[in-house]
Amino acid sequence: PGALTPRRPPRRGRAGAGRGGRSRRGPWRARPCRLRGSGASWRLRSAPAPEAAASQWERGLSVDTLQFLLFLYVQQFHNVSLRRSLLGDEWPSPRTRSPSLTGNSATGNKNWNDQEHLDFVQSHLLDILELLLEPEQLSASSHSSCSSLVSLEAVCALSFLLEGTVSNSGMVRPLHELALRQPCHGHNGYSKGSRTFSLPKLESWLRSSLTANPLGITAGLKAGKKLAWAHKVEGTTRRARITCSARVVPEVSPLVLMSQVYKQTVAKSSDTLVGAHVRIYRCNESFIYLLSPLRSVTIEKCRNSTFVLGPVEMSVHVQSCDNIKVITVCHRLSLSSTQGCTFHTLTPTQPLILSGNQAVSFAPFHTHYPMLEDHMAQVGLATLPNYWDSPMLVCRDSGDTSVFRLLPPSDFYTFVIPFEMEGDTTETPGGLPQEYQEVLRQREHQVRLWQRMVKEAGLTRDQRKEFQAVVENKFYEWLVQTGNKQQLDSLVPPAPASNHAAGGCPGTKF
């Protein structure tokens with residue numbers, strides 16, 4: 001029948017759904033379960049937002065009930081061991097340890113390990129199928145029997161977790177499309193008359209077909225193409241690792257993995273990045289520019305770094321990061337367990353603040369590069385609406401708005417991308433909010449006043465040289481204190497042969 005691969009479990013909350021909740025789902029079957037703004041147990045509080053937008057959000061959001069049950073159930077994948085908590089680990093911990101991208105860690109974040117996904121689904125497959133059964137298909141003890149039937153609707157819901165191919169055809173299809181193929185009916189027990197599947201046969205068919213995701217992170221690390229976008233920094237034991245999964249299936253976006261980039265600048269605008277899922281892991285004291293239209297981006301365990309991203313079609317998720325700056329146009333931004341991070345975004349949805357965040361700053365998008373507006377059009381993003389300043393708190397302490405702030409205009413400066421490219425964009429798309437634009441105008445006015453004062457001071461030639469030396473020394477001290485000297489130094493290649501290794505853009509061009 002081919003191969004089925006489990007999709008990566010979503011990372012939202014820690015709730016689990018077991019057999020005890022099955023009796024309540026009967027009335028939900030006829031319609032999708034809606035999350036409403038009041039009177040519901042799933043209420044999400046948000047920072048102040050326009051009333052009309054909030055009303056539209058309440059009317060428009062709904063989820064399929066069976067898929068929602070599966071979503072809750074697979075959260076058990078992220079459970080932390082109680083035994084480990086007795087050994088001194090905090091439990092539950094919003095900052096769980098993550099493995100190295102080599103996959104050698106045995107105590108890390110299982111969300112990176114495709115084999116762990118397969119083992120979880122194999123171990124809990126019968127429970128998952130029983131969770132989707134109609135009540136009349138269960139025995140008095142709430143278990144299935146050899147005569148239990150699984151509805152087509154339930155198999156469609158399973159497509160939320162499983163997808164696959166037929167005989168290595170290269171075409172990835174959702175589970176229900178594979179299950180309805182005529183050659184598979186004898187294996188999965190499908191009856192056209194009742195539009196149901198025999199549970200024992202369906203379970204057996206799924207178990208025999210399940211395999212680890214050949215397009216996932218683990219496969220990407222083992223078989224992915226190594227990209228020479230970064231160089232090893234002298235005096236350190238760390239070596240940057242950047243790989244890209246092969247485009248085995250045309251309709252599946254490639255996966256680009258970046259790890260251990262340390263004290264350097266990596267910049268790229270490449271076909272390799274177009275439409276790619278990007279995972280950035282343990283990059284410290286670096287400046288990373290990925291100036292292409294991207295599918296999604298995850299930034300995890302990074303410190304003291306700046307990330308400038310091209311427009312992101314889906315989401316940017318930041319987790320367990322300290323003191324990083326993210327500059328991007330994206331459809332959705334979410335953050336978890338971050339501290340002291342700043343986000344300059346243009347986004348049509350409210351940024352999601354999950355649990356464990358501290359001292360988060362939000363600011364308007366404040367840069368541009370020549371191809372930016374073309375890339376925005378490719379991923380379907382525009383300048384309006386823009387909810388960068390209306391984050392939503394989705395956590396237990398959702399009434400506490402002190403975890404974030406809007407960056408004060410006095411602390412705001414524009415960001416210049418120091419590379420030349422072809423394109424038509426010459427200014428920040430959508431402009432800046434008035435209060436931030438006014439601060440920039442005041443600073444420009446102060447610079448003009450200072451220049452005029454120097455010009456009218458009537459300094460002699462020797463005095464001008466002495467004055468210039470003082471200014472240059474003070475400027476150098478400022479570069480060192482702010483960390484900008486490192487960024488400038490990293491733009492210069494260590495040797496002519498390193499031009500390609502540094503990402504093809506160590507000077508002023510890509």
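A crossing of two helices is right-handed if the near helix is turned clockwise from the far one by less than a right angle. I needed that for my first entry, and I kept in mind that this is a predicted model.

**Entry 1: two helices**

I looked up helix α2 (residues 65-74) and helix α4 (residues 114-131). Two packed helices are described by the angle between their axes and the distance between the axes. For α2 and α4 I noted an angle of about 145 degrees, with the axes 11 Å apart. Their crossing is right-handed.

Next I listed who meets whom. From α2 come L69, L70, Y73 and V74. From α4 come F120, H124, D127, I128 and L131. I sorted this contact by class and got seven nonpolar residues, one polar and one charged.

**Entry 2: a pocket**

Rolling a probe the size of a water molecule over the atoms shows where empty space is left. I turned to the second largest pocket, with a volume of about 1,100 Å³. Its lining has 30 residues. Which of them lie nearest the centre? I wrote down K325, F415, T482, N484 and Q487.

I then checked which elements supply the lining. β19 (342-346), α12 (461-482) and α13 (484-490) each give at least two residues. The largest share is that of α13, with four residues. By class, I found eleven nonpolar, 15 polar and four charged residues in this lining.

**Entry 3: helix α12**

I followed α12 from its first C-alpha to its last. This helix of 22 residues reaches 32 Å, close to the 32 Å expected at 1.5 Å a residue.

**Entry 4: backbone exceptions**

Most residues other than glycine have a negative phi, and most peptide bonds are trans. I looked up one exception to each. Q260 is not a glycine, yet its phi is positive, near 60 degrees. I placed Q260 in the loop between β11 (255-259) and β12 (265-268).

Is the peptide bond from L384 to P385 cis or trans? I noted cis, with omega near -5 degrees. P385 sits in the loop between α10 (372-379) and β22 (392-393).

Key
Residues are numbered from 1 along each chain as its sequence is written. This is a predicted model: local features need pLDDT of at least 70, side-chain atom pairs count only at pLDDT 80 or more; totals for chains, interfaces and linings use all residues. Side-chain values use heavy atoms; hydrogens and water are left out. Axes are lines fitted to C-alpha atoms, for helices over the stretch in contact, and angles run from 0 to 180 degrees between N-to-C directions. Contact means heavy atoms within 4.5 Å. Ala, Val, Leu, Ile, Met, Phe, Trp, Tyr, Cys and Pro count as nonpolar, Asp, Glu, Lys and Arg as charged, and the others, Gly among them, as polar. On a 1 Å grid over the protein atoms alone, a cavity is a set of points where a 1.4 Å probe fits but cannot get out, and a pocket is an open set with protein on both sides within 12 Å along at least five of seven lines; lining residues have an atom within 4 Å of a point. Grid points are joined across faces, edges and corners, and a volume is the space filled by probe spheres set on the points. The expected span of a helix is 1.5 Å times one less than its number of residues.
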